[in-house]
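The entries follow the order in which I made them.

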Amino acid sequence: MSSRALDPADLSLSQAAVARVRALVEAEGNPGLMLRVSVSGGGCSGFQYGFDLDAETGSDDLVLDQDGVVLVIDEASLDILKGSRIDFTETLMASAFVVNNPNATSTCGCGTSFSL
């Protein structure tokens, strides 16, 4: 399926996120894998972020190649995440992708759920 290029001003990855995706793709042994970011209804604040490794793109997908790591997002999710930056953090308690979303009006304690 065909997909379009994503403007880095609309959604971007931090260097820590790029490094983590690169490590995950390498561990899977499939250089064709991409980081798929999505937003769905649910979670304790109304919406939740989703992160998956995917080898396919759909007709409504937008694609960003940043430093050799490919990020994929559907148009509906991009409407909610426009202007966001995806980071990866590691602490003693957890490691996770974190979305710095300027459109979110509140987030929950776990950091994966938000409202607009």
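This is a predicted model: local features need pLDDT of at least 70, side-chain atom pairs count only at pLDDT 80 or more; totals for chains, interfaces and linings use all residues.

**Contacts and core**

I then looked up the largest nonpolar core, which holds 24 residues. I86 is among the members that touch the most other members, together with L6, L11, L13, L71 and L81. Two or more residues of this core come from each of β2 (11–13), α1 (15–28), β3 (34–41), β5 (61–66), β6 (69–74), α2 (75–81), β7 (84–90) and β8 (95–100). I noted that α1 gives the largest share, four residues.

**Strand β6**

Is β6 enclosed or open to the outside? I found six of its six residues buried, so β6 is largely enclosed by the rest of the structure. I next looked up the side-chain directions: V69, L71 and I73 point one way from β6, while V70, V72 and D74 point the other way, and all are buried. In a regular strand, side chains alternate between the two faces of the sheet.

**Partners of β6**

I checked which strands pair with β6. With β3 the pairing is parallel and spans three bridges; V37 has I73 as its bridge partner in β6. With β5 the strands run antiparallel and are joined by six bridges; here V70 of β6 is the bridge partner of D65.

Last, I looked at the hairpin of β5 and β6. Two residues lie between its strands, and D67 takes a positive phi near 55°.

Notes: Residues are numbered from 1 along each chain as its sequence is written. Side-chain values use heavy atoms; hydrogens and water are left out. A nonpolar core is a set of buried Ala, Val, Leu, Ile, Met, Phe, Trp, Tyr and Cys residues joined through side-chain atoms within 4.5 Å. Buried means under 20% relative accessible area, exposed over 50%, partly exposed in between (1.4 Å probe, protein chains only). Two strands pair if DSSP finds at least two bridges between them.
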